[in-house]
Amino acid sequence: MFNTNYEDVKEEYGLIPPGEYEVIIRNIEERTTPGGATGINLSTVIRNDVEQNYKDRYIFDTYWKRREPTEADMQVQGYSFKQIMRLAKSAKLPSGKAYETVQDLCKDLINCTLRLTIEHEEYNGKTRERVKYTNESKFPDCKHVYKEKSSPDNPAQQSAPAMPSQPASLNIPGDFEEILSDGDVPF
C-alpha cells in the first residue's frame, strides 16, 4: 500500500524560466534548413553538480551563418566572428590557439562549461526560450553526470562524469543535413 506524494514531482516539460543557468556543452551539430540557412546548433545541459533548478534539462542555441559575412566572418566560414570568439572565450578555450576550421573549434567546445542567460521571446505566435548572453561559468570545476536512459539489458546503468578530454558527441557532417524548417529560423 502507498499514498500519493507529489512533494518531489516537478514540472519537467514547460519553458525554462528566464535567468542564468550553469550548463555543459553536450553536442554540436551544423545543419542547413531546406531554405539554405546554415547554423551551428549547440545542445547544452543544465548542470547537476551546481545547486540550481531545472538540472539535466537541455537548452539549445544556434549560431547562424551571416547573409553578408565580413572578412573577419570568413575566417570562421561565414559565421559571425564576434559570436564565435565570444563563445570560445566563454568556454575558456586557449587564447591564440590556431584552428583550421570552425568544426575543429567545435570539437574543443564539447564538454566545456558556460553560464547562459535565458529570456523568453515571441516568435511565430509561440513563446520560446532564447539564449540572450553566453558567459564564463562561475563553477569551472565540472562534476556533472549525464543522465542516460537505462538500457533494457542493464536497468541500473549509470553514466560516468563528464570528461573534458573525451567528446560526448560531435556531429558536423561534410554534407549538411536538411532537418530544420524555414519557420524555425528567426530571420
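Predicted model: local features only at pLDDT ≥ 70, side-chain atom pairs only at ≥ 80, totals over all residues.
A residue is called buried here if its relative accessible area is under 20%, exposed if over 50%, and partly exposed in between (1.4 Å probe, protein chains only).

Residues are numbered from 1 along each chain as its sequence is written, and side-chain values use heavy atoms, with hydrogens and water left out.

Now for the layout. The chain has three helices and seven strands, in the order β-β-β-α-α-α-β-β-β-β from the N terminus. (Helices are DSSP runs of H or I with at least four residues, and strands are runs of E with at least two, numbered from the N terminus.) Of its 187 residues, 37% count as buried.

On to the charged pairs. A salt bridge puts a side-chain nitrogen of Lys or Arg within 4 Å of a carboxyl oxygen of Asp or Glu, and the count comes to 15. One of them joins Asp56 to Lys147 at 4.0 Å, N to O. Asp56 sits in the loop between β2 and β3, Lys147 in the loop between β5 and β6, 91 residues apart. Lys147 is exposed, at 66%.

Asp73, in helix α1, pairs with Arg66 at 3.9 Å. Asp73 is buried at 4%, whereas Arg66 is partly exposed at 42%.

Back to Asp108: its salt bridge with Lys97 spans 2.7 Å, N to O. Finally, Glu119, Glu121, Arg130 and Lys132 form a salt-bridge network.
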